[in-house]
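Here is a short briefing on one protein chain. It starts from a single residue and its contacts, then turns to the whole chain and its annotations.

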Amino acid sequence: MFSRHKKLKIFTGNANPALAAEICHYLGVPLGVSQVSRFSDGEIRVCIQENVRGADVFVIQPTGHPVNENLMELLVMIDALKRASARRITAVMPYYGYARQDRKTRAREPITAKLVANLLTASGVNRVITMDLHAGQIQGFFDIPVDHLPAGPILAEYLIRRYLEDVVVVSPDVGGVVRARDLAERIGAPLAVIDKRRPEPNVAEIIHVIGPVQNKTAVILDDIIDTAGTIMEGGHALLEYGAKAVYVCCTHPILSGSAIDRLRDSVIEEVIVTNTIPIPPEKMLPKIKVLSIAPLLGEAIIRVHENLSVSKLFDTPV
């Protein structure tokens, strides 16, 4: 389909090779030949095994678990491609690790999301494509172009096909209202907000629910599910406030710690996620539905390659 793009090359590290293969299949281009291995002491060794001189190169590498390993792989791959005279290098990071550390909330804390942006820029990357950043202002941490793609259209399309009745979209906190409002508008549903506080990281306390949830099918929308504590507490609170069923949508299924046990035993009917981060087979529950972002990323890649507008992908609502 895109055989005319002889200078378009796509490589991947070890973070999500299945997603990279899907994207290549969608675009009709072969996956770049490279080897990402380890020296005996654990240092990362990268070998680009084909000519990339003058090429427009895209590296598919989300920085999910193990975050530090995947981030370092990406940095080393970028350096290898730069030294091999690639014309332009774009880091395709469906999940941007360390995004939750985007500001100082206490004295003497780092802003690690900015540090990662600095590391990427210093490595020689020319552009970044990512999805549903935990905080949109992270785009401003870069002095290079950042294409920030929303998963909302993909999630909305699935929910519409699901034919759920009396839906209300619920933001799990005030910070997620913009994302939740966009989904609500796409599927023609009202909006509600869970008022919560975090006494410490990965701990959430529900104070109350704002909005029309009585006798509604509540769809909680979040950017990530980490330990699933927020989702579990939110689900119980929505049922207490009169919701008749609870579904969950999220872009990045981190699913760390006891998340799987919590989801398995929770009141949640279905957990709808995307494949920005691969879910190990042992964590795949029957109630988890995975939607592919490969077509979206494929379209974004070809638009960047052809110097077309990426935002046009989202001009038409679902």
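**One residue and its contacts**

Neighbours within four places in sequence aside, Leu-19 contacts Ile-60, Pro-94, Asn-275, Ile-293, Ala-294 and Leu-297. Contact means heavy atoms within 4.5 Å. This is a predicted model: local features need pLDDT of at least 70, side-chain atom pairs count only at pLDDT 80 or more, and totals for chains, interfaces and linings use all residues. Residues are numbered from 1 along each chain as its sequence is written, and side-chain values use heavy atoms, with hydrogens and water left out.

**Leu-19 in place**

- Leu-19 sits in helix H1, residues 17-27. Helices (H or I, at least four residues) and strands (E, at least two) are DSSP runs, numbered from the N terminus.
- Leu-19 counts as buried because its relative accessibility is 1%. Buried means under 20% relative accessible area, exposed over 50%, and partly exposed in between (1.4 Å probe, protein chains only).
- Leu-19 and Asn-275 are 256 residues apart along the chain, yet their C-alpha atoms are separated by 7.3 Å.

**Whole chain**

- The chain has 8 helices and 14 strands. Its radius of gyration is 20 Å, close to the 20 Å that the globule rule gives for 318 residues, so the chain is as compact as a globular protein of that length. The radius is taken over C-alpha atoms, and the rule is 2.2 Å times the number of residues to the power 0.38.
- The C-alpha atoms fill a box of roughly 60 × 45 × 35 Å along the principal axes.
- Buried residues make up 52% of the 318 residues.
- Of contacts between residues at least 6 apart in sequence, 64% join residues at least 24 apart.

**Annotated domain**

- UniProt (unreviewed entry) places "domain: Ribose-phosphate pyrophosphokinase N-terminal" at residues 8-124. UniProt positions follow the numbering used here, feature names are shortened, and annotations may be inferred rather than shown by experiment.
- Residues 8-124 are 34% helix and 22% strand, with end C-alpha atoms 18 Å apart.

**Annotated binding site**

- The UniProt annotation "binding site" (unreviewed entry) covers His-134 and Asp-173. They are spread over 40 residues of sequence but cluster in space, with a largest C-alpha distance of 12.3 Å.
- His-134 lies in the loop between strand S6 (127-131) and strand S7 (146-149).
- His-134 is partly exposed, with a relative accessible area of 35%.
- Beyond neighbours within four places in sequence, His-134 contacts Ala-99, Arg-100, Arg-179 and Asp-223.
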